[in-house]
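User: I am new to this structure and would like to learn how to read its features. Could you take me through it step by step?

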Amino acid sequence: MRSLLVTGGAGFIGSNFVRYWRRQYPADRLTVVDALTYAASPDTVRELTADAGLNFVRGDIRDGELMRSLVTRHAVDTIVNFAAETHVDRSISGPGAFIETNVVGTHVLLQSALAAWASRGPAANGGRWRFHQVSTDEVYGSLGATEPAFTEVSPYRPSSPYAASKAAADHLVRAYHTTYGLDVTISNCSNNFGPHQFPEKLIPLMLVNALQGKPLPVYGDGENVRDWLYVEDHCRGIDLVLSRGRAGETYNIGMNCEQRNIDLVHGLCRELDALFAREPELASRYPQAPAAAGRPTAGLIRFVPDRPGHDRRYALDTGRIRSELGLASGRAFPDDLARTIAWYVANSAWWESLQAP
Ligand code: NAD
């Protein structure tokens with residue numbers, strides 16, 4: 001039986017990870033901490049608070065005293081750090097918050113873990129501790145159209161303040177392993193999608209705008225390529241790294257699913273059109289959606305000026321986690337996209353509560 005501290009557990013991937021862990025390992029002890037920034041959904045917080053099988057704490061990872069006391073009080077042996085500022089556009093307009101949480105916060109968490117675990121002595125818990133840092137493929141920078149995918153030894157070349165802050169955090173995590181012997185692992189994953197993602201990120205933004213008949217803004221020429229990962233597959237990957245990953249090691253997590261943004265958006269529009277055609281009652285729930293009147297959703301697509309420093313292409317070589325830890329392929333992307341669309345269509349109350357008035 002393990003005792004986990006999950007940070008950022010009220011956000012998109014963190015909350016999916018908590019649900020995954022509760023299903024897979026119901027006997028484990030789970031403490032979830034989240035500062036409840038704009039990115040935390042009130043519905044998710046209600047769900048976590050109501051779950052008697054875990055402890056939910058509102059707190060900031062920059063609060064070292066709180067972090068240390070949580071690790072000690074709940075005899076935490078595994079920390080999974082999801083807490084972060086995560087939206088690239090926000091990092092361009094206000095990078096300070098990204099340095100605070102992603103760099104300073106991660107460092108405070110590392111210090112707290114080291115201090116709390118050292119105070120229990122090296123023999124406690126059979127020496128089994130692990131600090132896992134959830135990172136991103138964006139630390140590697142941008143790839144040309146024909147360049148090979150990033151491996152775990154590709155140099156870090158972050159383009160945005162978000163990516164730079166995540167890169168800095170990764171370096172600190174590695175340094176705590178090399179310098180202090182802390183048991184750490186890092187996973188760098190590609191773009192996640194799935195239920196419970198804040199509607200500022202590409203897929204949920206397109207979905208909620210399409211359902212409300214609003215424009216679908218696509219940056220630049222729409223030819224930027226992203227490598228898509230269903231959130232549940234990401235959780236399986238982290239699970240493998242936690243249980244069998246080598247200390248001090250980095251693992252790329254992805255499903256080798258590269259797509260141009262414009263193709264993804266067109267695919268999503270087609271899927272939504274087909275869903276409205278199959279379920280005509282959706283027209284009365286979403287009267288503003290073009291599909292409600294039988295018009296193609298793709299008519300809402302608008303090209304907008306590109307994001308500064310917009311990386312052209314990300315792609316991950318995931319050979320290490322597949323050969324070393326046995327991460328299997330996920331389901332087919334179209335099925336996962338259809339599942340995600342169905343979730344947003346069925347859960348308008350969830351995303352409406354997060355939209356600015
Ligand atoms: P998210 O923005 O949905 O959630 C982040 C959560 O962290 C929120 O609940 C927020 O309240 C919390 N938080 C923010 N600052 C905090 C602080 N100082 N202390 C405690 N909690 C704080 O993000 P996400 O998409 O779920 O991403 C989770 C992690 O995965 C991040 O570290 C991100 O860099 C990484 N990641 C995400 C993606 C993706 O596609 N979403 C891809 C690669 C890596």
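Analyst: Val88, Glu138, Ser159, Ser160, Ala163, Arg226, Arg307, Pro308, Gly309, His310, Asp311 and Tyr314 line the largest cavity. A cavity is a set of points, on a 1 Å grid over the protein atoms alone, where a 1.4 Å probe fits but cannot get out, and lining residues have an atom within 4 Å of a point. This is a predicted model, in which local features need pLDDT of at least 70 and side-chain atom pairs count only at pLDDT 80 or more, while totals for chains, interfaces and linings use all residues. Residues are numbered from 1 along each chain as its sequence is written, and side-chain values use heavy atoms, with hydrogens and water left out.

User: What volume does the largest cavity have, and which classes of residue are in its lining?

Analyst: A volume is the space filled by probe spheres set on the points, with grid points joined across faces, edges and corners. For the largest cavity this volume is about 60 Å³, and its lining has 4 nonpolar, 4 polar and 4 charged residues. Here Ala, Val, Leu, Ile, Met, Phe, Trp, Tyr, Cys and Pro count as nonpolar, Asp, Glu, Lys and Arg as charged, and the others, Gly among them, as polar. The second largest cavity holds about 50 Å³ of space, and its lining divides into 6 nonpolar, 6 polar and no charged residues, including Phe12, His196 and Trp350.

User: How should I read a sheet, and what is the order of the 7 strands in the open sheet?

Analyst: Strands of a sheet pair through backbone hydrogen bonds, either parallel or antiparallel. Strands (E, at least two residues) and helices (H or I, at least four) are DSSP runs numbered from the N terminus, and two strands pair if DSSP finds at least two bridges between them. The 7 strands follow the order β3-β2-β1-β4-β5-β6-β10 with parallel pairing, and the edge strands, each pairing on one side only, are β3 (55–58) and β10 (249–253). Within this sheet, β1 (residues 3–7) and β2 (residues 29–34) pair over 5 bridges, with serine 3 opposite arginine 29 in β2.

Conventions. On a 1 Å grid over the protein atoms alone, a cavity is a set of points where a 1.4 Å probe fits but cannot get out, and a pocket is an open set with protein on both sides within 12 Å along at least five of seven lines; lining residues have an atom within 4 Å of a point.
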